[in-house]
Structure formats: C-alpha cells, structure tokens
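Student: I would like to learn how to read a few features of a structure. Please show it to me and start with the terms.

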Amino acid sequence: MTLSLAGVGYRYAGASRPSLDDIDLELPEGVVVGVAGASEAGKTTLCLVASGLAPRTVGGQIRGRITLDGEEVDAWPMHRLSQRIGIGFQNPATQLSQVASTVFEEVAFGPMNLGLERDEVVTRTWDALATMGIDGLADRDPRHLSGGQQQLVAIAGLLAMRPAHLVLDEPTAQLDPAGTRLVADAIARLARDGAGILVAEQKTDLIAAVASTLIVLADGRVVLRGPAAEVLADPRLPELGVPQPSAVRLELAAVAAGVGEALHG
Amino acid sequence: MAGSDQLTVERGVPDFLGRPGPTAFHRLNPLTKATLATMTAIAAVVLGGLLGPIVLVTCAVLLPALVAGVFRQLVRTAGLLALPIAVSAFVVNLFFFPGAQQVLVRIGPVTATAEGLAFALEILVRILTISGAVTLFYLTTRPADLVLDLERRGISPRVAFVANASVQTVPAMVDRAAQITAAQRARGLDTEGSLWRRIRGVLPIVGPVILGSIAEVEERTMALEARGFTRPGRRTLLWAPSDSAMEGILRWGMLLALVALIAVRMTGTWR
C-alpha cells in the first residue's frame, strides 16, 4: 500500500499565503522518508496533511490529490483514515488519553474507540506493546513514565490501530538521548516489519540512522530530495536551516584539518 | 500492517485490569458507593438537629470507613476539605445569629449566643457529614471505574470521556504547576516567606499553567481524532466493575429512604 501526495498545497484558515505548495511524495510500505527543514518550513503542516488531520480537524484549504493505493481519501472520515495512517506528535504527554490508568488501557484506547470485538482489542494491544518492546510496562500508570517511554506508549497506541503508514512529527523533540535512541530503534523496527513511515525531524543524526529517503522543505516547498545519505551531505543544508549530521560535520572537520584521508582509513 | 504481521501474541485480558479492591467496601460497585455518598450528603441537609446527622455520619461514613480501613485518612482529608467553610460558617453563626437572645460571651463588639452555638454546631455536623461522604467515595473508588460503570449502563462514551478526563486533569495540572514552580524558583522567583511574597509568586506560575493547558488542547484533540475517538457508536469495554442484584436493591432502597425522609420533613410529620 502506498500513500501518495501529488501537487498538494495547503493554506491555514485566515493565512495570507499557503504553508505547503506543490508537494509530491510517495510513501510505500517498509520505507522511512525523512522530512527536514528550518522552523516554519512546513514540516508539521506536511505531517497534518499527510495524516488527514488537515483540513479535517484543523480546517483550512487543501488542493492536489492524496491517495492510498490510487484511491482518493478526501471523503474518508478521520476515524476511517486513522486505521490506515497513524500520526504521532512531539509532546508525548498530549498524546495520552488521560483516562487510562494503565499502559495497557492507554494502548487499547484506539481499538476500543473502533468498537472492535473485545478479543481483537486485546490481541492488537498485546501485539502493539510487544512490537514496541514495552509489554513489561503494561500495568504501569502511563503518566508516571519517562518522556521516552511515554512516546513509545503513544506510538504503540497508534500501532494498535493497525495503520499501514505512520506519520511522526518530531517524535524525539522533547526527549533526552536515551529516549531518542528508544524511538529511533522503534522506527527502524517498524519499518522492517513493513510500515511506511514519514518522520519529520530536526535531529539529522536520527534521520541519518533511520531514513532511506529525505526531503528538505523551505517555505512550504520541497527544495532538496533524494537518498538520505546524499541529501544529508549536501553543502546547502546549513543555509536551509538544517544542521548537518555529526558524521558529515566530523568528515568536513577532518578534511579541513587535512586528515580526511586518514578518517577514511 | 505496521507491527502486526509478525507478532500475534496469544494473551488475554490482563488480570491487573479491574483488580478487586482490598476490602468488601472497596469491592462494592462504584455506583453503589456514589449513591451512598450522594444520599448521605442530601440527607445531611434534609435532616435537622444534631442527633440525626450524627447517627447518619456514624452509620454511612465512619463505620464504612472503618470497614474499608481508611478511617484515619478519611478524618484527616475530610477535616482539611471542610475546614475553611466549616470554620467560617461556625464563626458567623456563633457570633451573628439573627434574633439570638441568650448571651454566652462578649468579645469586643461581637457576642456569642447560645442559639448561635446550637445552629453553628448543626451546620458544622452537616458540613462534616457531606465532606466525609464525598471523601469516603474518593478514598475507596477510582473515578475511572465509576465512569466505566456508567458507560456500561449506557451513558454516551463522549460524556464518559469528558467526565473522566476532567477528573484526571486535576492531578495533571498539579504536576505541571509543580514543574513550573520549580522552573520559576530556579530563575529566582520567591514563592516562600510572607503571605504577600507568596501571593506575588503565584502569578508567574498560574499564567503558564493555564496558558500551557489551553495551548495543548489542539494537539490533544488531534491525538484523539487520530485514535478513532470521533467514530459514532458504542466503544468496546475491556472490563466493567462487578455488580449484583443485591446492590441494585440497596441503591433503590437508599433512594426510596431519601424520598421518604424528604416527604416526612416536608409534611412536618417529624421535626
């Protein structure tokens, strides 16, 4: 199943100019596409549009085509689309339902909303917990977990909806290095299991670790696109407000110091 | 599908969901405990005098609290909860009871009267009964269990969510306030010392707590949408608190007793 955006533009209600313009994007299953860009470049808006929340929940005007395996999804209600495309946000605390007293109930919240058979809800919940490697936390109060663990719970809650695609908007923005590592491992594992993942991130080290393709946004338009390793080595990245990953910076520093050859062995 | 094809773990509903409470009172259906608390609070107002409310608080609050093993906690919490209103109501009635004749003591311009003392004691017992009934409910029942039970009985899932989320928001805001207080103090804000200093210290904390909560609303709404919350129809419930025919009879019995009490009081059969 492939999520496709073709010529997509989006303008928030009351905004004088579009936040996204002429975006083309293909997200097949099992592939991680990274999205980078300076602040206000359109990363979050792209995530909202790709997940269907914009304009359904956010409002505003959209143009272009969004399809799942060729089928237009414009008329789909959010609860239907959410079973195909899950979206996670940067603040783990706001993604918790606030009404679950255990991690198990938190992860089960989505399938319960879908009115599935109880056994199906339970199976999906255990599967999602196991996939994220957090089944040991099942009886814990989600509000008392670390930020990294809460983010894993939030992603498990999305997985329990059994979407083919995940859209993650800066999932590690509020996490420490340990939490970032947990989420990065989870993204890589999910992609191996067949999920198509669109991940918007400021941390280019994370993108370098998980993404196979990268697009860079500026003023709502795609300005760089290609294999992640190539785009991340592009010298224009700093001008676009995107920090180069540490491996690239190390290499540049080594070259500047005249030890580039030694670095490559 | 994401994370689903390779793993299908054969595990049932975990036994920690709906784990029975430690005592027989804890194990009562949440609606039964809510009915007891509500009926007790209303009866405390309907009943006049001192004896009625004292018998009521003993039978409906203190004895159940002993059975539930929360007696000391109940006395402490209910006392603290009732303290501000109880003290002010007691003082106002003791010193300013209209038309009182029998003077007990004069303190400067104000006079404590026997009629005022009698009425103040009645009010005090009523307030403590209401506070005790509510506290007993919260000490022995998780709000989420009550909401789940009401949802099983047919209440709208959205109403249930709003009720539950509202209750759960309080500790979340307390946590947020503690974090903001710590952050502001780290930047030199003085939140200790005299009353004036404490009041001055509150403003830089209240603003971020409230504005931060409002700012999160949109993201919370989107997160709920992304998890199928707006789907019409019933939700699946993983478990619901146990109930019995006996408890149903008990609830109706409490309701009928209250109706009878109100009728008796209104017709003046018993004063």
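Tutor: Two residues are in contact if their C-beta atoms, placed from the backbone, lie within 7 Å. Helices (H or I, at least four residues) and strands (E, at least two) are DSSP runs, numbered from the N terminus. A residue is buried if 20 or more other C-beta atoms lie within 10 Å of its own, exposed if 12 or fewer, and partly exposed in between. This is a predicted model, where local features need pLDDT of at least 70, side-chain atom pairs count only at pLDDT 80 or more, and totals for chains, interfaces and linings use all residues. Residues are numbered from 1 along each chain as its sequence is written, while chains are lettered from A and ligands numbered from 1 in the order in which they are written.

Student: Against which helices do the buried residues of H1(B) pack?

Tutor: They pack against helix H2 (51-68), helix H4 (114-140), helix H5 (143-152) and helix H8 (245-267) of chain B. H1(B) is mostly covered, with twelve of its 17 residues buried. Among them are B:Leu31, B:Leu36 and B:Met39.

Student: How many Å does helix H1 of chain B reach from its first C-alpha to its last?

Tutor: The expected span is 1.5 Å times one less than the number of residues. Helix H1 (residues 30-46) of chain B reaches 24 Å, close to the 24 Å expected.

Student: At what angle do helices H7 and H8 of chain A pack?

Tutor: Axes are lines fitted to C-alpha atoms, for helices over the stretch in contact, and angles run from 0 to 180 degrees between N-to-C directions. Angles under 35 degrees count as roughly parallel, over 145 as roughly antiparallel, 65 to 115 as roughly perpendicular and the rest as oblique. Here H7 (residues 147-159) and H8 (residues 177-192) of chain A pack at about 25 degrees, their axes 8 Å apart. H7(A) and H8(A) are therefore roughly parallel to each other. The contact residues include A:Leu152 and A:Ile155 of H7(A), and A:Leu182 and A:Val183 of H8(A).

Student: How many residues does each chain give to the contact between chain A and chain B?

Tutor: Chain A gives 49 residues and chain B gives 41. On the side of chain A, the largest share, nine residues, comes from H6(A).

Student: Is A:Ala247 buried or partly exposed?

Tutor: A:Ala247 lies in helix H11 (residues 246-256) of chain A. A:Ala247 counts as partly exposed because it has 15 C-beta neighbours inside 10 Å.
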